[in-house]
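Please look over the sequence and the structure shown here. The paragraphs that follow go from the contact between the chains to the nonpolar cores and then to charged pairs.

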Amino acid sequence: MSLIKEIDFGTPIRVSEKQVTLTIDGQSVTVPAGTSVMAAAMSVGTKIPKLCATDMLEPFGSCRLCLVEIEGRRGTPSSCTTPAEEGMVVRTQTEQLSTLRKGVMELYISDHPLDCLTCSANGDCELQDMAGAVGLREVRYGYEGENHVFAKTADGLANENWLAKDTSNPYFTYDPTKCIVCNRCVRACEEVQGTFALTITGRGFDSRVAPGPTDFLGSECVSCGACVQACPTATLMENSVIQMGQPEHSKVTTCAYCGVGCSFKAEMQGDKVVRMVPYKDGKANEGHSCVKGRFAWGYATHKDRITKPMTREKITDPWREVSWEEAINHAASEFKRIQSRYGRESLGAITSSRCTNEEVFLMQKLVRAGFRNNNVDTCARVCHSPTGYGLKTTLGTSAGTQDFKSVAKADVILVIGANPTDGHPVFASRMKKRLRQGAKLIVADPRRIDMVKSPHIKAEHHLQLLPGTNVALINAIAHVVVTEGLVAEDYVRERCDLADFEIWARFIAQAHNSPEASEEFTGVPAADVRAAARLYATADNGAIFYGLGVTEHSQGSTMVMGMANLAMATGNIGRDGVGINPLRGQNNVQGACDMGSFPHEFTGYRHVSDDATRQIFEMMWGVPLDVEPGLRIPNMLDEAVGGSFKALYVQGEDIAQSDPNTQHVTAGLSAMECVVVQDLFLNETAKYAHVFLPGSSFLEKDGTFTNAERRINRVRQVMAPLSGKAEWQVTIDFARALGYEMAYAHPSEIMDEIARLTPSFAGVSYDKLDKLGSVQWPCNDKAPTGTPVMHVDRFVRGKGKFMITEYVPTEERTGARFPLILTTGRILSQYNVGAQTRRTANSAWHDEDVLEIHPFDAENRGIKSGDLVALASRSGDISLRAEVSERMQPGVVYTTFHHAETGANVITTDFSDWATNCPEYKVTAVEVRRTNYYSQWQERNREEDISLRRITGRLPDAAE
Amino acid sequence: MSEAVLPTNEVQAAHKAEQREKLARMAGQIADFFKSYPDAQAVPAIADHINQFWSRRMREDFLAAFNGDSQELHPLVRRALALIRPARGG
């Protein structure tokens, strides 16, 4: 094994239909028009010396090291900024060039520390490499003159040019003494990340990289790591490298945070991760990352990891560490006992959207073939189940239509109920790049999110609707399209079911769907809606991206269909640059759905009552399978409270924190006789568990994750499971203990079974993934290398189906007691329930959940930023700190659910989507007032954090 | 492990009433979506949705609760009752 190093072409490879042929050092080279001479040379393996160029960034031409000679041209142009031209004759190595380059390097080194042996970049320093490449042997100028290197001058005075290190960011250090002012960091922040946090202050010799007039942590820096990656020296360096030294081998794997599914190189020393570096050939992220994937992986070896199986009789007993065999046999015998006493349907399981496809597949197989019922569900229930239902009904498939890259072709982007800069930051960077190129943006969101306005981007329209009125808004937009003659008639005629279209068009044209009529509900001025509708409908390419602000409503599924209607009516599905795309929350939530985690569906979204499909599974698995749909998570909890659902196996999911109406969830869990939790940590749900099985992190196993663009990416093991077993191995053992045999020697064999059973995965294998890097399903004989864009010539269901989407207000209403609406979400540095990110230095950015409230509502209640406030709904109450913010609209408050001790979901209700029971997290009627106390629930929870987490022989601090 | 708190009869009765109300509400929400379609389409669509997504026991409980007395149900759900499939297999 060795370190994986992608080729750096120096400048981006251009896409062009026109090719040009030139001669470089006597060799003929053909490249797409627009490609630089530098990249053309590299494409035939000739490395022209360079410092300020790298192919993640546009050429800059400042270092003057990449000079070349071109026949017929005067002087020595820089090869990074000179486009290759037809017939050009280039020389990259001549006496003249050698002298010039040596001179340039000599100047650089005259103002650079010579501590190479003890430098953190030793072994990975482009400056050192270039000094070697040009053959620099002496620096005639000496080092004593004016410099940025030494804190003191030769005569012992303070050196005014010298700057101390900035160690404010927990993950990397800025050492200005090593800076060569190549601008790569500043450009990475602008071009790749799009945050514009860095700049060059001063001029000439005074030029310095600076995060504005503050330090890195206090600046707008989002810690994505792009600058660190771009830095050719030790100026910006990962603290882990400073501490540990250079990695010696690496493997490409997939991030286990959000649904973007970034590819990373896990750079290792033995089985220790030194750093995670975004992989340039990873198709989801193309070399970019965010603070979570890049830096927040330390949880994997955090001291809180539970690595031994444990059992206990009662949840008030302390845990007892036992062997794997004892834990599994015990759990299996309990499940058998419960099933024989309470019936076949008294058991169920929740698969994990953080685990691999292979592990999820085995869990649902365990339920269907081992428990012999269909009581299996997954966290998509509480996030994107309406996406599955809505897109399947209208288009025929339960997934987004595009690849992420497609956004680079979009002309108008409609972002609805998503906060990409926080939830899906790497995709947000792609989107912002496109916006800077001139695409137009419409944001529909109750809050003024960063996409609405931040450096160099600004939405044309911010439709700041009231939570719960999405459907009224989308209908109003569609009303404008239909009544103003903006329907793509040819497209609809050719691609969609015309009878359904006509019924829909008549419905949507009714006056009650007009922007003027719906303004009453949405609060969005009709003129804005009309203008936004015209903008989207008249775009060459209009693309919709949406998030949980769409799905987590009582009309979540209706809204998904409403968006599909709009996209079909305007002809915006089935090619590059358009589409309707869910930004999915967890790393493998798409995969968990694909793998048959829903109680009514086998893999590939086929209903359990479909006899032909079921028979294939029965034949392969050797047991008769249940024809009836099983219980969804909320139904399981309801039936547990009712006394008929008695045992649950929860893998990698923390329903006691993440699911709505916490007290109902814990009542359900408390009523069960055996709860098995498998996780990295003793999470909230584990407080109610009788068996704890240690889980393994993504670094500890082989498998695949499927991201929001249906891309199947490989996860590769870089360290052995700390507990001795990966989840898929535990599932096999558990099934065996129940009396059902599964035999797999490696996750690749599980994928082979998935491929045999699932038409849309028929062509997927580890061999293919290793060869191609990744594939997007459907991947089969018709599409052997996968399907980047879906519904190209026809919809998967045949004709696109318009659905009538009447706006039905939620039953959750504000009134005198609860006059405000609470909506919940997440922020950049924390992830979901925070179990991972809270155990990293990411808490430097966000160490508690706060309540955002508009100045008007705050003033009415005498609330100032930092005050402790009580937040109460019909479900319960909690206390947390307030932050007065104009991002909110009056009447709406917002918080996150990252911190267990806050208990944001104590507040949320069990209202849910009509079609899928996806909870209505986004609309809860609440009241807010000042307080001096934490709520009863919080006080009790604090006690139970200790009393329900004791481990025999350990001090209580080992728990979360 | 049998320490789980066994619900008392009272609690169970309260839960049963709550559950009855919840299932009625869920069915009503489904009807609220399909009500935009002509009744001849809406009624079977409501039943089909329930047959496809509700578990065997949820359907049984629902039918048991409302087959005799369906007054509190959405009018369309009332008409869909006859089409809700009792469990297959068992």
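A salt bridge is taken here as a side-chain nitrogen of Lys or Arg within 4 Å of a carboxyl oxygen of Asp or Glu. In this predicted model, that rule gives seven salt bridges between chain B and chain A. One pair with a member on each chain is Lys22(B) and Asp910(A), whose side chains meet with N and O 3.1 Å apart. Over all chains the count comes to 71 salt bridges.

The interface can also be described by its residues and its area. On the side of chain B, 36 residues are in contact with 50 residues of chain A. The size of an interface is often given as the accessible area lost when the parts come together. Between chain B and chain A the buried area is about 3,800 Å², and carbon and sulfur atoms give 50% of that. Polar contacts across this interface number 14 residue pairs, with both residues at pLDDT 80 or more. Three helices of chain B, H1 (9-34), H2 (39-53) and H3 (56-66), each supply at least two residues to the side that touches chain A. The most comes from H1(B), which gives 11 residues. By type, the residues on this side of chain B divide into 15 nonpolar, 10 polar and 11 charged.

In soluble globular proteins, nonpolar side chains tend to be buried together. The largest nonpolar core has 110 residues, and those touching the most other members are Ile416(A), Trp504(A), Met563(A), Trp54(B) and Phe62(B). Helix H13 of chain A, residues 470-483, contributes the largest share of this core, 10 residues.

What does Trp54(B) touch, leaving aside residues up to four places away in sequence? Its contacts in chain A are Pro629(A) and Arg632(A). Within chain B, the contacts include Leu23(B), Met26(B), Ala27(B), Ile30(B) and Phe62(B), as well as His49(B) and Arg59(B).

Side chains of opposite charge can pair when their charged atoms come close. Asp124(A) and Arg275(A) form a salt bridge with N and O 3.0 Å apart. The two lie 151 residues apart: Asp124(A) is in the loop between helix H2 (95-110) and helix H3 (126-134) of chain A, while Arg275(A) is in strand E11 (residues 272-278).

A second pair is Arg294(A) and Glu238(A), with the closest N and O atoms 2.9 Å apart. Here helix H7 (residues 291-295) of chain A holds Arg294(A) and strand E8 (residues 236-238) holds Glu238(A), 56 residues apart. Arg294(A) is buried, with a relative accessible area of 1%, and Glu238(A) is buried at 3%.

A further salt bridge joins Arg861(A) to Glu927(A), the closest N and O atoms being 3.0 Å apart. Arg861(A) lies in the loop between helix H28 (855-860) and strand E33 (868-872) of chain A, and Glu927(A) lies in strand E36 (residues 924-930), 66 residues apart. Glu927(A) is partly exposed, at 24% relative accessibility. Through shared partners, salt bridges join Lys5(A), Glu6(A), Asp124(A), Glu238(A), Lys265(A), Glu267(A), Arg275(A) and Arg294(A) into one network.

How values were computed
Residues numbered from 1 in each chain as written. Chains lettered and ligands numbered in written order. Predicted model: local features only at pLDDT ≥ 70, side-chain atom pairs only at ≥ 80, totals over all residues. Heavy atoms only, no water. Core = buried A, V, L, I, M, F, W, Y, C linked by side-chain atoms within 4.5 Å. Buried < 20%, exposed > 50% of the residue type's maximum accessible area, 1.4 Å probe, protein only. Helix = DSSP H or I, 4+ residues; strand = E, 2+ residues; numbered from the N terminus. Contact = heavy atoms within 4.5 Å. Buried area = accessible area lost by both parts, 1.4 Å probe. Polar contact = N/O pair within 3.5 Å; in protein donor to acceptor, adjacent residues only side chain to side chain. Nonpolar A, V, L, I, M, F, W, Y, C, P; charged D, E, K, R; others polar.
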